[in-house]
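Please look over the sequence and the structure shown below before reading on.

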Amino acid sequence: MPSAVRLASTATSSRKASTSPRDPPASTSGASTSKNSALKQNDTPKRAAATQENGEQQEQKRLLQPHILSRRLTTMCREGRLDKAFEYLQTLPLDAQNVPVWNTLISHAGEAQRYRFMYQIYIEMKRRGFKPNLRTYATLMGEFSAVQSWTERTKMAEDVHKVYQSFLDYINTVRTHNPSSPEISVMPINAYIRTLSRMGDYQRMFDVWNALDEEGPFSPDAFTYTSMFKAMYMRGFAANKDGSHAERERAASDARLVWRHLAKRIENGSNVAVDSVLIASLVQALALGRPADHIVAFDILREYVGLAKPGETAPPPRVELHPALLQDVLWLCNTAQKPRLCIHFVQQLMERQPEILDRGHFDHVLTAYGTLSATSSITDASRALQALEWMIERELTAADSWRIRPGLSTYTLVLIVCWRVKDWESAVRTFELMTGYRGKDFADGAEGEPQRPAHADGRKFLPDAAAMSCLVRTALETGNPAAMRQCLRIVKHIGLAHFLVPGPPSGKESVYRAGARFRKDHSFYAHKTAQAVVNIIDVLVPKKTDESAPLTADERVWVDLRKDAKRFLINERENRPRHTPELEEQPLGSGSELAAIDNAVEWTRIHREQKSAR
């Protein structure tokens with residue numbers, strides 16, 4: 001009996017051991033085994049797919065491409081969320097960032113004119129271990145050069161100087177590893193020079209320029225020289241406004257020094273490309289200098305642009321003459337008191353290159369005629385009128401007619417010449433071209449109300465105070481009663497009140513317009529118009545006595561005009577301008593001044609000839 005019990009317990013233990021969880025369960029049948037295998041095969045692809053999807057999402061989050069990040073930052077900045085873009089960039093892992101991404105954010109900060117914030121981004125970029133490259137420094141310096149005033153930006157100016165020093169360190173590092181690297185460039189230097197010019201720190205600007213290499217990728221290029229010439233012009237222009245002749249002449253002398261450096265490099269075979277922008281910047285700087293500087297400017301124009309003085313032969317031009325460059329050339333002629341040379345250049349171009357000429361060029365020519373009219377003959381008025389008629393004819397045939405179309409200031413410049421030489425006929429013809437009226441409709445014996453054609457695309461103008469003052473003073477200077485009467489009828493028809501206002505009128509109708517060039521001197525010309533009207537009427541309508549004949553209808557109207565003009569002069573007596581506008585009195589200066597200029601030019605030419613002979 002005990003043996004049977006032990007055998008039963010042993011069998012039971014064996015069964016328990018066989019079902020232990022540590023061992024795989026024994027297969028009870030072939031059907032159950034096939035079923036479990038099928039379930040495992042169906043579940044495995046699902047787990048594999050889920051694992052793969054999770055891995056891809058993690059990899060996508062971890063591997064954000066920098067170019068995609070740059071587009072996101074650009075979108076945020078364009079939506080006005082520059083600060084949010086900066087915060088967002090700081091939260092991203094470093095492997096999603098690179099130098100171009102930070103350059104993008106720096107550029108957008110500069111475009112938003114947030115220069116302090118732009119510098120802060122630059123500092124944070126370096127703090128995170130990203131080394132600025134050429135594009136970084138070019139972006140920073142380019143945005144800093146757009147700042148107009150540095151008067152109240154002392155701290156930011158120090159930051160700009162620090163960026164410059166960092167750029168020099170970067171260049172030295174690049175040179176050590178690869179002297180011919182494309183990262184070696186003067187692009188940031190050019191922008192830094194423009195910034196120093198706006199700061200007025202000209203000594204530091206020259207130190208930067210002198211620190212450049214004589215040749216190679218880190219030597220001055222065409223943009224460097226252009227930036228230097230523009231800086232010299234800005235310096236001379238500021239000194240001219242302040243009345244500092246010595247500072248203005250020094251700026252022109254520095255421009256000559258920089259030009260000699262460039263000319264020497266070109267002689268030695270340097271590939272610096274001299275273009276019209278560079279020449280224009282140089283001409284602007286030299287124009288504010290002494291007569292010797294003007295000689296250098298004209299020599300450069302002959303050698304590079306092909307513009308020669310009368311009697312000279314110019315070589316084939318190396319630089320194409322653009323309208324902007326021609327504008328500066330003509331301004332040089334008038335500034336250097338060479339009005340005949342200004343007229344000579346334009347007359348040559350009227351035959352060879354009429355398509356290059358525009359209204360601005362002819363304004364310089366008419367200014368030159370006005371300068372000559374102070375010391376020349378009556379023919380200057382007819383020549384100025386011929387230039388005006390050429391513009392009108394050219395307008396009818398030119399494809400871009402708006403460029404050559406005369407403006408109100410253009411007609412006024414012709415009237416100034418007519419006033420100076422006392423040419424009433426040319427003044428009346430100019431008035432006809434300007435307004436569309438017929439001059440004979442205002443002459444003695446004319447009947448009916450003068451008629452004026454409808455406006456045609458802004459081609460016709462009614463005179464402003466400057467133009468009317470010239471017209472009235474021309475009639476007065478002639479001493480011809482018929483011309484004076486004709487002039488007063490013009491004044492009466494247009495309306496004297498339009499000119500006798502304290503400030504320049506404005507409005508859509510041309511009768512309310514004022515020429516842009518003479519707008520600032522409106523008060524001066526209003527007083528001149530009123531005074532000339534009073535003087536003319538005093539001549540035509542003598543003082544009334546017991547024996548005086550009754551006044552005619554015209555004379556009664558003129559007496560009323562005189563009352564209005566006198567009332568204006570009395571009421572605006574305290575506001576009478578103290579300065580004299582351009583082209584009003586002795587535009588060429590006194591005889592002694594002209595003689596001194598001629599002597600200085602002659603001495604300079606002799607000195608140059610002796611120096612070249614050595």
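## Basis of the values

This is a predicted model, in which local features need pLDDT of at least 70 and side-chain atom pairs count only at pLDDT 80 or more, whereas totals for chains, interfaces and linings use all residues. Residues are numbered from 1 along each chain as its sequence is written, and side-chain values use heavy atoms, with hydrogens and water left out.

Asn190 belongs to helix H9, residues 187-199, where helices are DSSP runs of H or I with at least four residues, numbered from the N terminus. Asn190 counts as buried because its relative accessibility is 4% (buried is under 20% relative accessible area, exposed over 50%, partly exposed in between, with a 1.4 Å probe and protein chains only). Residues up to four places away in sequence aside, Asn190 touches Asp221, Phe223, Thr224 and Ser227, contact meaning heavy atoms within 4.5 Å. The C-alpha atoms of Asn190 and Met228 are 8.6 Å apart, although 38 residues separate the two in sequence.

Beyond its neighbours within four places in sequence, Ile189 contacts Tyr164, Phe167, Val208, Leu212 and Phe218.

## Two loop residues with positive phi

Gln113, in the loop between helix H5 (99-111) and helix H6 (115-127), is not a glycine, yet has a positive phi of about 60°; Gln113 counts as exposed because its relative accessibility is 58%.

Gln337, in the loop between helix H15 (323-335) and helix H16 (339-352), likewise has a positive phi of about 60° without being a glycine; with a relative accessible area of 31%, Gln337 is partly exposed.
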